[in-house]
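Open your viewer and get ready to select a few residues one after another. This short tour tells you where to click next and what you will find there.

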Amino acid sequence: MKLFRKIHFSLIALLIVNFINAQEKPTSTKEVVTGKIDGATITINYGSPSVKGREIWGKLVPFNQVWRAGANDATTFETDKEVMIEGAKLPAGKYSFFIIPNEKECTIIFNKEAKQWGAYKYKEKEDQLRVTVKQEVAKSKTEKLVYVIEKDRVSLNWDNWMIPFSVK
């Protein structure tokens with residue numbers, strides 16, 4: 001009877017340990033960055049994936065296709081005041097934020113349908129603004145995708161690219 005209890009206890013302990021180990025944290029964490037540019041408060045909500053040794057641009061993120069500019073839910077870009085993005089007006093509001101990358105430049109998209117999962121139900125007719133920018137090769141690689149809000153620009157930094165756009 002004691003042997004049976006020991007085996008039973010060992011089995012339960014093994015199941016508990018396996019269950020705890022199976023509860024890994026998500027690999028793409030939810031992130032928020034907020035900053036001010038010319039009096040406008042900018043807030044970007046995004047999922048931050050890691051490179052993990054993968055080839056990102058042109059492979060994991062295909063060229064010439066709409067990309068959610070992060071992981072999981074579509075990235076959102078919110079401004080409490082009208083701003084100028086690359087010289088074009090973007091009214092105050094909350095937008096889903098997409099990018100169409102290619103080898104030479106990227107199309108930045110602000111879409112009026114803010115709540116979306118990925119880019120699966122993306123509709124071009126809901127675009128508020130599209131602008132084209134040139135990506136830059138970063139001085140060093142960025143493992144986890146990050147958005148940076150500076151005094152007059154926002155940039156997405158990931159792997160060996162920086163995708164900056166002016167905001168005024």
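Select Val32 first: setting aside neighbours within four places in sequence, Val32 is in contact with Thr43, Ile44, Asn45 and Tyr46, where contact means heavy atoms within 4.5 Å. Val32 sits in strand S1 (residues 29-37). Is Val32 buried or exposed? Val32 counts as exposed because its relative accessibility is 54%; exposed means over 50%, buried under 20%, and partly exposed in between, with a 1.4 Å probe and protein chains only.

A word on the model: it is predicted, with local features needing pLDDT of at least 70 and side-chain atom pairs counting only at pLDDT 80 or more, while totals for chains, interfaces and linings use all residues. Residues are numbered from 1 along each chain as its sequence is written, and side-chain values use heavy atoms, leaving out hydrogens and water.

Now colour the whole chain by secondary structure. Of the 168 residues, 41% are buried.

Next, select Phe77, Ile85, Phe110, Tyr147, Leu156 and Phe165, which touch the most other members of the 35-residue largest nonpolar core. Such a core is a set of buried Ala, Val, Leu, Ile, Met, Phe, Trp, Tyr and Cys residues joined through side-chain atoms within 4.5 Å. Strand S10 (153-166) gives the most to this core, with six residues. Stay on Leu156, whose contacts beyond four places in sequence include Trp57, Trp67, Ala69 and Ile99.

Finally, look for open space. The largest pocket has a volume of about 350 Å³, the space filled by probe spheres set on grid points joined across faces, edges and corners. A pocket is an open set of points on a 1 Å grid over the protein atoms alone, where a 1.4 Å probe fits, with protein on both sides within 12 Å along at least five of seven lines; lining residues have an atom within 4 Å of a point. Select Leu60, Val61, Trp67, Arg68 and Gly70: of the 19 lining residues, these are the closest to the centre of the largest pocket.

Note on methods: Helix = DSSP H or I, 4+ residues; strand = E, 2+ residues; numbered from the N terminus.
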